Amino acid sequence: MRIAVGLGKQSGEERLERQGVSRRDFMKFCTAVAVTMGMGPAFADDVAAALTGRRPNVVYLHTAECTGCSEALLRMYKPYIDSLILDTISLDYQETIMAAAGHAAEEALEEAVNSPQGFICMVEGAIPTGMDGKYGYVGGKTMYDICKDILPKSKLNLAIGTCACYGGIQAAKPNPTEAVGVGEAYADMGVKVINIAGCPPNPINMVGTIVAYLNGIDIKLDELGRPLMFYGQTVHDRCERRKHFDAGEFAPSFNSEEARKGWCLYDLGCKGPQTYNNCPAVLFNQTNWPVGAGSPCIGCSEPGFWDDMTPFYKN
């Protein structure tokens, strides 16, 4: 399956206009991506060129996950995901949204993986390794074997979401399936993976990584495999409640007057000081983020998420 087939030799901007995306909205999005990448508004033209040039082939695999990362991506708006990302990349395989099923889906995957232009691979979900991977199957093959076959052939591998990055909830104690992140599962094969962490990650971080790759930008990673351009600072560093932390003003409860006034949520379990992500600066759907909505950060982009980071779940 290919998204937006039959578009002939239309330029990227022409394709977007046909989908109802104005150049103004498109450039606003490109500017947001450029700023998020730390490149400044002037880099917006380069972002636009990357998103409207030759459409890269993309294979998007689902392993042990809840599909929440795909849902976050599909709900991106201004411009909508279907008229932007799905019209600027050739999404050749994505089980959640593709029309094909059964043998037709398997044929689409085989065709995409063997494309002479090469492909980018995204993986959403942890890799079950227990019992030789028998805890997770797709199309009669274990998730472990599917990724083992495909990832070494890809030009760029992205782990989408904390489950794919570090195991996520699938790896929470007692972890009977022995689920691990993609990078850990195939490290002995020399497979390189860029981790786009979060539960779910902000779609702009994923788009920005692809843009950087298409522009030949060196994507510097932290020790956990995350792009420093998005995960280089803690949530605490840029939190809008930081001034209250510095002043020693901590909300005693969620329904307190202090909480409503925006006082710091550290005493209520906020993991912002230990969590690296750009949530305060890059709002979900340009609307809000957890702390802005009154919730403490639960450290969803960290390896210890679920077992060590969240204040709401106990073993």
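1. A residue counts as exposed when its relative accessible area is over 50%, and as buried when that area is under 20%. With that in hand, here is a friendly walk through this structure, which is a predicted model. Glu111 belongs to helix H6, which covers residues 102-113. Asp92 is 19 residues away from Glu111 in sequence, and the C-alpha atoms of the two are 8.5 Å apart in space.

2. Next, the overall picture. The protein has 14 helices and 9 strands. Of its 315 residues, 52% are buried. If you take the contacts between residues at least 6 apart in sequence, 73% of them join residues at least 24 apart.

3. Now to the sheet. Which order do its strands take? The open sheet has 5 strands in the order E2-E1-E3-E7-E9, and the pairing is parallel. At the edges are strand E2 (90-94) and strand E9 (194-196), each of which pairs on one side only. From one strand to the next, the twist averages 25 degrees.

4. Strand E1 spans residues 57-62. How many of the residues of E1 are buried? The count is 6 of the 6, so E1 is largely enclosed by the rest of the structure. As a general point, side chains in a regular strand alternate between the two faces of the sheet. In E1, Asn57, Val59 and Leu61 point one way, while Val58, Tyr60 and His62 point the other way. Every one of these residues is buried.

5. E1 has a partner on each side in the strand order E2-E1-E3-E7-E9. Towards E2, E1 is joined by 4 bridges, and the two strands run parallel. Within that pair, Val58 stands opposite Leu91 in E2. Towards E3, E1 pairs in the parallel sense over 5 bridges. Here Leu61 has Val123 as its bridge partner in E3, and His62 stands opposite Glu124.

6. Strand E3 (residues 120-124) is mostly covered too, with 5 of its 5 residues buried. On one side of E3 are Ile120, Met122 and Glu124, and on the other are Cys121 and Val123. Both faces of E3 are therefore covered, since these residues are all buried, which means under 20% relative accessible area. E3 is also joined to strand E7 (residues 156-160) by 5 bridges, and these two strands run parallel. Cys121 has Asn157 as its bridge partner in E7.

7. In general, two packed helices are described by the angle between their axes and the distance between the axes. For helix H2 (residues 23-36) and helix H10 (residues 203-214), the angle is about 85 degrees and the axes are 9 Å apart. That makes H2 roughly perpendicular to H10. Phe29, Val33 and Thr36 are the residues of H2 that meet Ile204, Asn205, Val207 and Gly208 in H10. By type, the residues of this contact divide into 4 nonpolar, 3 polar and no charged.

8. Which residues of H7 are buried? They are Met143, Tyr144, Ile146, Cys147 and Ile150. Seen down the axis of H7, these buried residues fall within an arc of 165 degrees, so they line one face of the helix.

9. A last stop is His244, found in helix H13 (residues 242-246). Is His244 buried or exposed? Its relative accessible area is 12%, so His244 is buried. Leaving out residues up to four places away in sequence, His244 touches Glu249, Lys261, Gly262, Trp263 and Cys264.

Key. Residues numbered from 1 in each chain as written. Predicted model: local features only at pLDDT ≥ 70, side-chain atom pairs only at ≥ 80, totals over all residues. Heavy atoms only, no water. Axes fitted to C-alpha atoms, helices over the stretch in contact; angles between N-to-C directions. Parallel < 35°, antiparallel > 145°, perpendicular 65-115°, else oblique. Contact = heavy atoms within 4.5 Å. Nonpolar A, V, L, I, M, F, W, Y, C, P; charged D, E, K, R; others polar. Buried < 20%, exposed > 50% of the residue type's maximum accessible area, 1.4 Å probe, protein only. Pairing = 2+ DSSP bridges. Arc of directions from axis to C-beta.
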